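Good morning, and thank you for making time for this item. I would ask you to keep the structure in view while I go through it.

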Amino acid sequence: MATEKLSIAKAINASLRTALENDPKVVIMGEDVGKLGGVFRVTDGLQKDFGEERVIDTPLAESGIVGTAIGLALRGYRPVVEIQFDGFVFPAYDQIVTQLAKMHARALGKIKMPVVVRIPYGGAIGAVEHHSESPESLFAHVAGLKIVSPSNASDAYWMLQQAIQSDDPVIYFEPKRRYHDRSEVDTDAIPGPLHTARTVRQGTDLTLAAYGPMVKTCLEAAAAAAEEGKNLEVLDLRSISPIDFDAIQASVERTRRLVVVHEAPVFFGSGAEIAARITERCFYHLEAPVLRVGGYHAPYPPSRLEDEYLPGLDRVLDAVDRALAY
C-alpha cells in the first residue's frame, strides 16, 4: 500500500505524473505549466521529466488552448489543459460549450472527447479581479460536460485519474484556497465512482451539502454546532454534473433538513437545482424548507472585502439555526 500525506496541490501533481507515466497519449497544456511549473506550482517538475512535447507551455490564448486540445483528442490523445485562473476561462467558453461539449452528440457517438479542463477556482486568496470566480454553474447548465470538484487530497488524486481516463470531457474545478490542505492519499486504493457523493460526517439533525472549498467550512460548522448539542451530517457532493441526488435524498430522509453551501452566488447556483429536486423528492420528509448559503449576486469584490462576500462559518450556522427553528 502506497499511502502518503500530501497537499491537494501535490496530490494533483502526483496524479498528473501517474497519468503521464501510464499513457503516452496524455499531454498537459497551459500557460506557464512547463518551466515555471504553473503559478501554483501544481505542474512543477513535469516538463523536466517528460519533455516539452508532453508538457506544453502555450501562448496566453485560452480559446486556442482548448481548441488545440479538441484537435488532439480527435487524433487520439488525452489532453489535460490548465486554465490558469477561473476568470480566464471565458475566452475559451465558446470552444467548451459549442465544440467540446457537443462533439460526441454531433457525431452520433462516433467521436470521443477525452479532454480534461483544470480550473483553479474560488476566492479567499487575496487576489485581484478575475482571479477568484466560481463559474461552475455556467458549465453545469451545458449538456455534454462532466463537472467535478475535490475537497481533499485523496479525491484530488483519484478524481483526476478518473477524469483523465474518461472518454467524455470533464471540467475539473480545483479549490485553490485549499491547495495546501494535507491528508492521506493511498495511490494503490480502488476509488469509488467519480460522480458519487460521500458522507464525511454523520449526523441526525440536519444535512449540510457542499463541494470543493466549502466542505471544510461545513465540517467546521458541524463541529461548532456539536458544542451546542446539534448533530449535523456533512455530505461532500464531489460532482456538480451529474449530481448524486440519490445520496442527498437518503441523507435528507434521515435528517429531514438540508442546507446547501457553495462559494458561487446563490442566485441560479447549483444549490437552487438541488433545493428544487430535493423538495420534489422529499416533500413529505422535510421539516423545513431547503436553505442555501453562497456568494452574493454581485461582482466579486476587491480582496479586502472578500471575507464579507464569501460564505463562512457564521453564515452557515445562521442557516442551520433558521432550518432548525421550523
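E82 and R118 form a salt bridge whose closest N and O atoms are 2.9 Å apart; by salt bridge I mean a side-chain nitrogen of Lys or Arg within 4 Å of a carboxyl oxygen of Asp or Glu. This pair joins distant parts of the chain, since E82 belongs to strand β4 (residues 78-82) and R118 to strand β5, 36 residues apart. Helices (H or I, at least four residues) and strands (E, at least two) are DSSP runs, numbered from the N terminus. In total, the structure holds 21 salt bridges. Side chains of opposite charge can pair when their charged atoms come close.

A word on the basis of these values. This is a predicted model, in which local features need pLDDT of at least 70 and side-chain atom pairs count only at pLDDT 80 or more, while totals for chains, interfaces and linings use all residues. Residues are numbered from 1 along each chain as its sequence is written, and side-chain values use heavy atoms, with hydrogens and water left out.

Let me turn to the domains. The assignment, automatic or taken from a database, gives domain 1 (1-184) and domain 2 (196-323). Their C-alpha centres lie 26 Å apart. Where do the two meet?

Four salt bridges cross the interface of domain 1 and domain 2.

Two backbone features remain. Most residues other than glycine have a negative phi, and most peptide bonds are trans. H130, however, has a positive phi, near 75°, and is found in the loop between β5 (116-121) and α6. The peptide bond from S241 to P242 is cis, with omega near 0°. P242 lies in the loop between β12 (239-241) and α9 (245-255).
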